[in-house]
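Dear colleague,

Please find the structure below, handed over for your use. My findings follow directly after it.

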Amino acid sequence: MAGLGSARSRYDEVSRTVQETVSFSCEGYELRGSLHRPAAPEDGDTAIVILNQGPLDRSGAHRLSVKCARRWAARGFPVLRFDARGVGDSEGDWAIPENGAPIKMLYQNIEEGAWTLDTRAAIDHVCAATSARNVVLAGVCGGAVSALHAAAEHPAVVAVIMVGMPVRPWAAIGIDSIVASQVEHEAKGYVKKLGKWYAWRRFFTGESDYRVLWGIGSRYVRERVFGASNDPLKSLNASMLRSFRAVQGSGKRMLFVFPENDYLWVEFRDLFLPTFNDRPPFDLHIIPGANHTFTEVAWQEQLFSLLEHWLQSQMPAVRL
Amino acid sequence: MLEAIEIGRRSIARAAGAPQDQSEQDRMFTRLYDKVRETPMWLSTANGDLYAVEYAPQGTVSRPPVVIAAPDGEERAWAARTLVQVARALAHYGSMVYRFDHLGQGESEGNYEATTWSSREADLDAALQMAQRHSGQTPIVLGVRLGGTLALAAVKRGTPMAGLVVWEPVVDPAQYVHQLLRVNVSTQMVALGRIERDRSDLIADARSGGVISVNGFGLSGPFIDALLALDLDSKIGQLSIPTLWLSTLSVDQTVTSNPSVVAKRASTFPFWKEPKSHRSGPPSFLAETVEWLASDRHGRGMTK
């Protein structure tokens with residue numbers, strides 16, 4: 001048989017769940033995924049689909065997706081993690097952008113919905129393979145945008161969890177276009193370092209990033225001294241906005257989670273959040289001190305706890 | 001030029017020249033290699049089940065089987081897609097190929113922080129035995145970064161393999177550990193604004209039972225100590241099987257003077273690191289490897 005076969009199911013002694021390797025088709029390409037089932041005889045009626053975090057495979061950064069899936073399956077949710085085209089085990093290779101293009105161009109594909117069809121196929125698969133009728137989508141970074149796009153169009157999706165989601169196109173993010181509050185924050189940080197010997201050592205030994213230093217410094221002077229403004233800062237991702245409005249209009253629940261030490265949070269806070277006049281149509285939580293990929297165990301535990309409580313509050317029929 | 005690269009270019013060119021009425025989605029993806037048969041499986045070991053995938057040629061098996069030993073931790077995560085492409089390419093050229101995730105990594109069972117150097121050795125041994133059973137031949141190991149180091153250690157232990165290909169192996173494990181710990185120190189700087197535990201503190205912490213987070217991968221004391229104790233020079237000196245050694249760095253004389261080793265310095269993109277640019281195909285190391293597998297050098301212990 002050509003293409004991707006399937007492995008036998010594997011019972012996980014620790015999480016008391018069953019993990020199956022599955023494959024399903026999308027536009028002529030076979031996609032590979034891992035389906036975690038609760039050990040209970042029947043699956044719950046709500047499944048969770050976890051999307052790729054950008055170019056990382058379905059296990060996620062330091063297996064964050066695996067950890068989430070095991071926990072959620074142990075609490076009664078069938079969970080599907082899958083690789084979209086061009087990533088992990090799945091078929092399909094990126095034809096665009098061209099070889100050697102900045103990675104931001106690949107991220108732009110994802111932000112504009114390159115994986116919407118893949119996610120649709122994953123939703124259809126999890127509904128066919130389990131007793132689930134409702135689906136919650138969850139993703140980190142690019143996976144969050146992909147989740148939003150798919151939530152906008154698939155009727156089975158009842159809620160979407162977006163962790164560390166970019167609201168502007170990655171291609172637009174650069175030293176010259178970071179938000180004003182971040183310029184201020186960085187500039188103050190550099191001023192504080194003026195009295196630190198190690199900062200001067202880094203500067204004189206070539207370890208400092210002079211491009212960043214110059215960019216922050218020149219922006220700070222332009223804006224504070226000459227009062228220049230930077231209109232491109234308001235350039236939110238248009239396709240993301242369309243999907244957001246569609247999800248909002250459909251009444252599906254949305255949860256945004258941001259690590260505090262993540263520039264994407266700054267952009268969300270300064271550019272996106274103010275448009276809702278303190279009455280956002282979504283839930284929002286911040287994990288204090290955490291970075292973009294939640295590398296410390298304490299941050300991960302806070303994230304897991306937060307997501308489980310949110311799922312519990314949204315899905316009262318499912319025992320947690 | 002190798003067919004692998006030509007196939008990739010032809011395929012991409014076809015996609016780029018797709019008719020205007022074809023959807024954006026259709027044009028965004030292509031297929032670099034013809035379909036091969038891919039079979040995922042669980043590989044039982046004493047420590048837990050490993051996720052593995054077998055890639056089989058559509059036609060005749062014409063080249064020796066290959067087991068891919070992947071990089072470790074975060075490097076494994078960034079390299080994962082490239083190694084899938086490499087596995088498909090090698091199968092396209094006639095090899096049975098086996099890729100697996102170590103315990104605590106990727107899709108495999110277990111937790112990373114509980115794994116050790118010994119558990120990695122056991123994982124590789126299990127994958128080699130499985131490849132031997134499935135293919136009926138003694139496999140060649142393609143080891144990448146720490147996977148290359150692991151394969152070198154396996155040769156010294158006498159693990160049967162028909163040949164060895166190493167891509168950018170970690171030749172200075174102490175420096176490798178140093179770089180991993182540096183990631184933790186940098187994270188402290190960003191999160192706390194200061195360094196609370198320097199590298200020697202971190203090693204001491206690990207030795208007293210702590211776990212050191214390196215971008216979310218928890219290093220244990222036994223793993224760190226095993227890496228620091230690796231005597232790679234003697235392993236390389238004792239290499240007696242046909243070996244292809246590919247590196248972006250200049251290769252040490254210990255390697256080049258070994259008659260079993262074909263060593264080449266070549267440039268390639270560091271696919272084991274977070275990418276700054278998009279790479280649509282496999283690294284240039286693949287072309288060298290395909291050529292080496294096609295020759296009979298690996299089959300008769302040839303010299304350079």
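In chain B of this predicted model, helix α6 (residues 173–192) and helix α8 (residues 221–228) have axes that come within 7 Å and cross at roughly 140°. Axes here are lines fitted to C-alpha atoms, for helices over the stretch in contact, with angles from 0 to 180 degrees between N-to-C directions. Helices are DSSP runs of H or I with at least four residues, strands are runs of E with at least two, and both are numbered from the N terminus. On the α6(B) side, the contact is formed by P173(B), A174(B), Y176(B) and V177(B), and on the α8(B) side by I224(B), L227(B) and L228(B); contact requires C-beta atoms, placed from the backbone, within 7 Å. By class, these residues are seven nonpolar, no polar and no charged. The nonpolar class comprises Ala, Val, Leu, Ile, Met, Phe, Trp, Tyr, Cys and Pro, the charged class Asp, Glu, Lys and Arg, and the polar class the others, Gly among them.

As to conventions, residues are numbered from 1 along each chain as its sequence is written, and chains are lettered from A and ligands numbered from 1 in the order in which they are written. Local features need pLDDT of at least 70 and side-chain atom pairs count only at pLDDT 80 or more, whereas totals for chains, interfaces and linings use all residues.

Between the chains, the contact draws 48 residues from chain A and 41 residues from chain B. Elements of chain B that each supply at least two residues include α1 (3–16), α3 (73–92) and α6, while β2(B) gives the most, with six residues. The side of chain B that touches chain A holds 17 nonpolar, 13 polar and eleven charged residues. Strand β7 (residues 93–94) of chain A also pairs with β1(B), antiparallel over two bridges, where pairing requires at least two DSSP bridges. In β1(B), F29(B) is the residue opposite W94(A).

Chain A contains an open sheet of nine strands with mixed pairing, in the order β2-β3-β4-β6-β5-β8-β9-β10-β11. Its edges are β2 (10–12) and β11 (283–291), each with a single partner strand, so one side of each has no neighbour in the sheet. From one strand to the next, the twist averages 25°. Within this chain, β3 (residues 17–26) and β4 (residues 29–38) pair in the antiparallel sense over ten bridges, and T17(A) stands opposite P38(A). Helix α10 (residues 297–314) of chain A lies across β9 (157–163), β10 (253–261) and β11, at about 170° to β11(A).

With kind regards

Definitions and conventions:
Two residues are in contact if their C-beta atoms, placed from the backbone, lie within 7 Å.
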